[in-house]
Amino acid sequence: MRLSLNKVLSLFKRSLAFDKPHHVQWMLTNRCNYRCKSCDVWREQKPVAELSTEEVKTGLDVLREVGVVEIVFSGGNPLLREDIGELIDYASHHFITTIYDNGSQAVKKIDALRKIDFVAISLDTLDEKKYDYLKGVHGAWKNAVNAVQTLHEQGITVGVSPTISQLNMYEILDFTEHFIEKEIPVLYCLYQHDTLTQPMFNIGRQDKELEITDAKSFARICDALIEKKNRHRGILITKKMLSTLKRLYLSGQRSWECKALQSFFMIDPQGRVAGCHLQEPVATIFDLPSVWNSQKFENLRKTYQECTKCSYMCYMFYSLHANVPGNIEIIRDQWKNAKTIVTARRS
């Protein structure tokens with residue numbers, strides 16, 4: 001990581017500030033060059049007026065002002081933006097910055113990625129044919145594997161991000177072993193589909209082939225990953241999260257309240273802000289300083305806390321690990337991984 005003293009001090013100060021939105025996912029573009037079975041972004045791809053380079057930079061200044069610690073750049077594929085190197089450079093000075101790629105662009109944009117904290121490459125399986133089928137693009141698996149290997153060899157902190165579904169669930173433990181033995185961390189996603197009718201934008205597409213139907217096996221996988229975390233570094237999911245997922249799939253019990261517009265929020269390519277992608281936009285990024293503590297936002301937070309319409313892992317994670325106590329939980333759970341990543345970037 002690019003851990004300058006000023007960045008460390010600033011992050012530390014913001015991470016200990018209560019009632020701040022420490023985590024943001026910014027969908028920089030809806031453009032995508034893949035055709036994933038589980039995704040609706042490419043199906044609804046249409047030209048939108050994306051924020052300019054300078055507008056994004058201004059937005060990043062706003063996010064720092066309101067207390068954001070971590071930014072995830074997503075899409076579409078954010079690496080399709082021509083100015084992505086400039087945006088990464090600007091963000092990396094002030095935030096823990098992660099970017100997602102399907103494996104097709106990372107090698108082409110490798111110089112830009114040298115300045116980021118973490119690159120997550122989507123890779124769901126070690127089976128080449130299965131992965132190309134899931135992504136809808138011939139050669140997708142080779143692209144992803146090459147991207148992971150190349151970035152790792154170049155000293156860029158890269159991990160694989162499998163989306164666990166019924167189609168790859170039974171191989172996920174072997175998949176995890178394969179990469180942690182290579183000292184490449186694994187950051188998990190979980191297949192879900194959108195359930196609300198008026199979202200800010202659609203992401204998850206319902207696909208019965210992907211929906212997890214073997215709940216008992218999934219629960220055993222959660223237990224096995226908890227056990228692996230005791231012995232290995234590189235498993236980027238907390239024990240609390242795994243226990244919550246196990247409970248959800250075995251009993252249907254939700255043991256968390258959604259912390260949208262509290263712990264986290266989403267930004268779309270036009271700079272509109274919503275609690276999550278399933279909700280309607282409620283402000284623009286430039287409005288945030290004036291509306292964050294407003295009665296309107298307080299009412300929305302109460303509404304979102306009662307929402308039970310999804311179990312997207314990113315929203316679950318930042319709801320389970322919300323506010324200052326949540327940041328401390330993450331640090332304690334992931335301390336070994338943090339030390340490994342920092343050491344790798346310094347070497």
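Modeller: I will begin with the strands, and then turn to the helices, the charged pairs and the cysteines.

This is a predicted model, in which local features need pLDDT of at least 70 and side-chain atom pairs count only at pLDDT 80 or more, while totals for chains, interfaces and linings use all residues. Residues are numbered from 1 along each chain as its sequence is written, and side-chain values use heavy atoms, with hydrogens and water left out.

Eight strands make up an open sheet of mixed pairing, in the order S5-S4-S3-S2-S1-S8-S9-S10. Strands S5 (158-161) and S10 (283-284) are at its edges with a single partner strand each, so one side of each has no neighbour in the sheet. Two strands are said to pair if DSSP finds at least two bridges between them; strands (E, at least two residues) and helices (H or I, at least four) are DSSP runs, numbered from the N terminus.

Buried stands for under 20% relative accessible area, exposed for over 50% and partly exposed for what lies in between, using a 1.4 Å probe and protein chains only. Towards S1, strand S8 runs parallel and is joined by four bridges, with Trp-26 standing opposite Ile-267. Towards S9 (residues 272-274), by contrast, S8 runs antiparallel and is joined by two bridges, and here Met-266 has Ala-274 as its bridge partner. Four residues separate the strands in this hairpin of S8 and S9, where Gly-271 takes a positive phi near 85°.

Elsewhere in the sheet, strand S3 (residues 96-101) and strand S4 (residues 118-122) run parallel and are joined by four bridges, with Thr-98 opposite Phe-118. Helix H3 (residues 84-92) lies across S2 (70-74) and S3, and runs at about 150° to S3; such angles run from 0 to 180 degrees between N-to-C directions, the axes being lines fitted to C-alpha atoms, for helices over the stretch in contact.

In helix H11 (residues 295-305), Phe-297, Leu-300, Arg-301 and Tyr-304 are the buried residues. They cover an arc of only 105° around the axis, and therefore sit on the same side of H11, the arc being that of the directions from the helix axis to the C-beta atoms. Gln-295 and Lys-302, on the other side of H11, are exposed. The buried residues of H11 pack against S10 and helix H10 (288-291), where contact means heavy atoms within 4.5 Å.

Among the charged side chains there are 20 salt bridges, each a side-chain nitrogen of Lys or Arg within 4 Å of a carboxyl oxygen of Asp or Glu. One of them joins Arg-31 and Glu-82 at 3.7 Å, N to O; because Arg-31 is in the loop between S1 (23-27) and helix H2 (53-66) and Glu-82 in the loop between S2 and H3, this pair ties together parts 51 residues apart in sequence. Arg-31 is partly exposed at 27% relative accessible area, whereas Glu-82, at 69%, is exposed. Another salt bridge, between Lys-130 and Glu-171, comes to 2.8 Å, N to O. Salt bridges that share partners also join Arg-31, Glu-50, Arg-81, Glu-82 and Asp-83 into one network.

The cysteines come last. A disulfide is a covalent bond between the sulfur atoms of two cysteines. Counted as a pair of cysteine sulfur atoms within 2.5 Å, the number of disulfides here is zero. For Cys-32, the nearest cysteine sulfur is that of Cys-36, 6.0 Å away, and Cys-32 is buried at 17% relative accessibility. For Cys-314, the nearest cysteine sulfur belongs to Cys-189 and is 7.4 Å away, while Cys-314 is partly exposed, with a relative accessible area of 31%.
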